4 protein chains.
Amino acid sequence: MAKSKYEYVRQFEIDDPLLQNCWIVVRVDGKAFQKFTDVHYYMKPNDERGLNLMTKAAQAVMSDCPDIVLAYGQSDEYSFVFHKNCKLYGRRASKILTSVVSLFSSSFTLFWPHFFNVQELKYPPVFEAKVALHPSDTNLRDYLSWRQADCHINNLYNTCLWKLIQERALTPAQAADRLKVVIISVYGILSDKNELKDKDLVHNSSSNPRMNHSTLTKAEKRFSSIILHTDIISNTFWEDYPYILGDKVFK
Amino acid sequence: MAKSKYEYVRQFEIDDPLLQNCWIVVRVDGKAFQKFTDVHYYMKPNDERGLNLMTKAAQAVMSDCPDIVLAYGQSDEYSFVFHKNCKLYGRRASKILTSVVSLFSSSFTLFWPHFFNVQELKYPPVFEAKVALHPSDTNLRDYLSWRQADCHINNLYNTCLWKLIQERALTPAQAADRLKVVIISVYGILSDKNELKDKDLVHNSSSNPRMNHSTLTKAEKRFSSIILHTDIISNTFWEDYPYILGDKVFK
Amino acid sequence: MAKSKYEYVRQFEIDDPLLQNCWIVVRVDGKAFQKFTDVHYYMKPNDERGLNLMTKAAQAVMSDCPDIVLAYGQSDEYSFVFHKNCKLYGRRASKILTSVVSLFSSSFTLFWPHFFNVQELKYPPVFEAKVALHPSDTNLRDYLSWRQADCHINNLYNTCLWKLIQERALTPAQAADRLKVVIISVYGILSDKNELKDKDLVHNSSSNPRMNHSTLTKAEKRFSSIILHTDIISNTFWEDYPYILGDKVFK
Amino acid sequence: MAKSKYEYVRQFEIDDPLLQNCWIVVRVDGKAFQKFTDVHYYMKPNDERGLNLMTKAAQAVMSDCPDIVLAYGQSDEYSFVFHKNCKLYGRRASKILTSVVSLFSSSFTLFWPHFFNVQELKYPPVFEAKVALHPSDTNLRDYLSWRQADCHINNLYNTCLWKLIQERALTPAQAADRLKVVIISVYGILSDKNELKDKDLVHNSSSNPRMNHSTLTKAEKRFSSIILHTDIISNTFWEDYPYILGDKVFK
């Protein structure tokens, strides 16, 4: 096409290539999802339909992009790991970020009726995303462990909170206040509180925590993703799936 | 919540604040929309339903964000202008980019049936977005003029192309070949070809070009946006709406 | 030359182009100059030899680079203003920053004996530099006003401090303590203290403040710089030298 | 000190933190050193005084900064390797770059007479610097191998060139032309020429190449640096000095 005298403005576009040979992680997060889940009558503390819809949207992203080797999701967030050798869009941060969050958002919206049936989507959901670069495999695994530890802490907290509200008839404020003195110890993480109370509350709350988070990975012949509800902090997972972090060549 | 030993990985997140006192422009673009419009039987060269759906999605973005003073759209793209004084998300590029493209994508998907009725969305649409910084008002206006000039050139080209295909029964390849020798002169933009042919073809194609692009702006009392199909290259528009670029204070 | 298999590492270099159409300001600052001035017996509060050497080094930078339109210096710092249209080194931040600070440092070292005679340089001086981008003329002038206001505040403070030490025989600690209650009012800048004491101390200290800072600019036929000791906060200076901020074309 | 209303301009400073857990390499390069060495009568192809002065300046940089674990120099360039765990200046690129290049420049200038005696420095030398981030140890070693391969290629070329000029009385242009057809094969690097001529020229030129480049490293008890003229491409060097890349903790 003919060039116009205005075209010089192209030079004001921000170029944002990501450093080579680092793992790229894009984390998608629901924006104002407290309100979104209230308005759409999500079951508390965890709504299985909501979690499955998140995973469905994540699978759409994953099948679209061979450079993604792993996805990890919990609550209203999903992290996508792009292989450190990935060359996608010349590793431009804005292109990678926006195509992930766009496909995630339109998939979540499109597949909503498959999970929530007659209950309609009242307004378009919004997800934000940010990008991080992890230079070493250890940094990447620590990132994923961080998200899983966060998942367990939050689940424990939310399960206790809703138990107090639903079974013991406390108000949300009373329940939150009560939990301030409960020690949370999970996966070696300790709060700074030094009294242990409500042991049984915590104990009974930790049933079936694994269903609350999902890991998506691909078989060695790419594209089709597998859903796992497994511990990704321990070495076992990484030993079982060595090809996830294994060397790959991308165009 | 209790902090885990893994939390140090936060430091690998990319921080990307945008320079203060510059106009921020986010341009959303359809990804692989040639295929998308084919698969969804868009009318050629312009599908009014498709253009109106784009504008509906843009309006959703605009009402969500008081910092946007203008939006300009054509074909499968929309540009959003954030006021130079805007403080949204501490001007972090990734937050601004991703919340715009996410809301645009989920709105496009959610409102699809309102425009395309029984014809279903066959797969989730994807939009990419990039960000640019314009230091002066002139740079900003030149950016918008660039997009409008591009709109007219493309419309002229596509209108001619489809006229040759639909009315003169040329194949797409033959039509494209024929247009290589047509000089396009519109709004002062000249191609580098020096022969003028098919004058009537070009002339007849330029009817009603204004409907093919839309400008969204807000009344002085914000939020509700107005749709205009007007020339934004000339001074008239900017003199009629002086408050668009006028000084504003944001929190 | 023949290329080696190692050359791929070039892609790990950081590219850092500066936004077009913004004023570029590089500020060079002495590193650990409190110690440097003590070790080299600088006269307090101001050592004219030291200030003149700084200006000599700044002139070397300025003659080397036609893209610099103004330099402003005080104490152990110098700011260099590159015209907003400048294309030097493709506006790469690191190239601009390092060639300025390198030439400044080697000039300061080379010309030292011209100003300090037999007193030898005991170790190589170090200067740091940072870069800032100013989108508007107002932002640029406010930057320069900020440095001049800082200069006057510091000079006033240091002059009072050394007067108390040298003339009233206070220890440095006593003098600093005493100055905590002195209100400093200069060029419209007010401290948050609300009592006015030691008026004569302040008054007598402000004699000849203009010599303590220097502005370098160029005649319209570039290269040769002029040294001024003038107020650059007021409009007068900018009206007298309109070509400083005037439009220019660089290659 | 009292704050002025102009201080808001601080927000226009560019912040440029370097990614954590990556090796930081700053390469200092002489600017226009062809002319500089001509004007100062450097001996060709290599001037030992010049090389030693470069190394002296590099040692000044290295003793000043405990975070530098290795420096490698040849011709008019020196690369400084900052440990990947280094926290210096919050890893701000501009602070790291400018303090290295400033100290290098003032040291080169200050120590000039120790190496060139009565021959005076005719004008202040200028060095530029750029920064690169290497995520893995392999990337870092490949970077250093690249510089060493470059050193040998250049030395071979320059040695041949000056031999042709000095011993065979060719003009510089004739000599350069002649070398276009010489195959250079050194350290496994092959040019794309496929004819082998002047074997003896090349052979005789490669005597004592090791003196033309220097590696500075520190004993385990830091600060004092050791000068080596050794091959850093082979594994031997890295096996002999394992603590160079070993884990370290910085404040």
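Guide: Two strands pair if DSSP finds at least two bridges between them; helices (H or I, at least four residues) and strands (E, at least two) are DSSP runs, numbered from the N terminus. This is a predicted model, in which local features need pLDDT of at least 70 and side-chain atom pairs count only at pLDDT 80 or more, while totals for chains, interfaces and linings use all residues. Residues are numbered from 1 along each chain as its sequence is written, chains are lettered from A and ligands numbered from 1 in the order in which they are written, and side-chain values use heavy atoms, with hydrogens and water left out.

Visitor: How many bridges join strand 2 of chain C to strand 3 of chain C?

Guide: Strand 3 covers residues 77-82 of chain C and runs antiparallel to strand 2. Within this pair, Ala71(C) stands opposite Phe80(C). The hairpin has two residues between the strands, and Ser75(C) there takes a positive phi near 50°. The number of bridges joining strand 2 to strand 3 is six.

Visitor: Which residue of strand 7 of chain C stands opposite Leu70(C)?

Guide: Strand 2 of chain C also pairs with strand 7 (residues 213-218) of chain C, in the antiparallel sense and over five bridges. The residue opposite Leu70(C) is Thr217(C).

Visitor: Is strand 2 of chain C largely enclosed or exposed?

Guide: Buried means under 20% relative accessible area, exposed over 50%, and partly exposed in between (1.4 Å probe, protein chains only). Seven of the seven residues of strand 2 (residues 68-74) of chain C are buried, so the strand is largely enclosed by the rest of the structure.

Visitor: What rotation superposes chain B on chain D?

Guide: Copies are superposed by least squares on the C-alpha atoms of residues with pLDDT of at least 70 in both. For chain B and chain D the shift along the axis is 0.1 Å and the RMSD is 0.0 Å, with a rotation of 180°. That is the relation of a two-fold axis.

Visitor: Which three residues supply 70% of the area that chain B buries against chain D?

Guide: Contact means heavy atoms within 4.5 Å, and five residues of chain B are in contact with five residues of chain D. Buried area is the accessible area (1.4 Å probe) that two parts lose on being put together, summed over both. Chain B and chain D bury about 510 Å² between them, 72% of it on carbon and sulfur atoms. The three residues, which supply more than any other three, are Gln11(B), Phe12(B) and Gln20(B).

Visitor: What area is buried between chain B and chain A?

Guide: Here 60 residues of chain B are in contact with 60 residues of chain A. Carbon and sulfur atoms give 68% of the buried area, which is about 4900 Å².

Visitor: How many salt bridges are counted between chain B and chain A?

Guide: A salt bridge is a side-chain nitrogen of Lys or Arg within 4 Å of a carboxyl oxygen of Asp or Glu. Lys130(A) forms one with Glu13(B), the closest N and O atoms being 3.6 Å apart. Across the interface of chain B and chain D the rule finds zero. Between chain B and chain A the count is eight.
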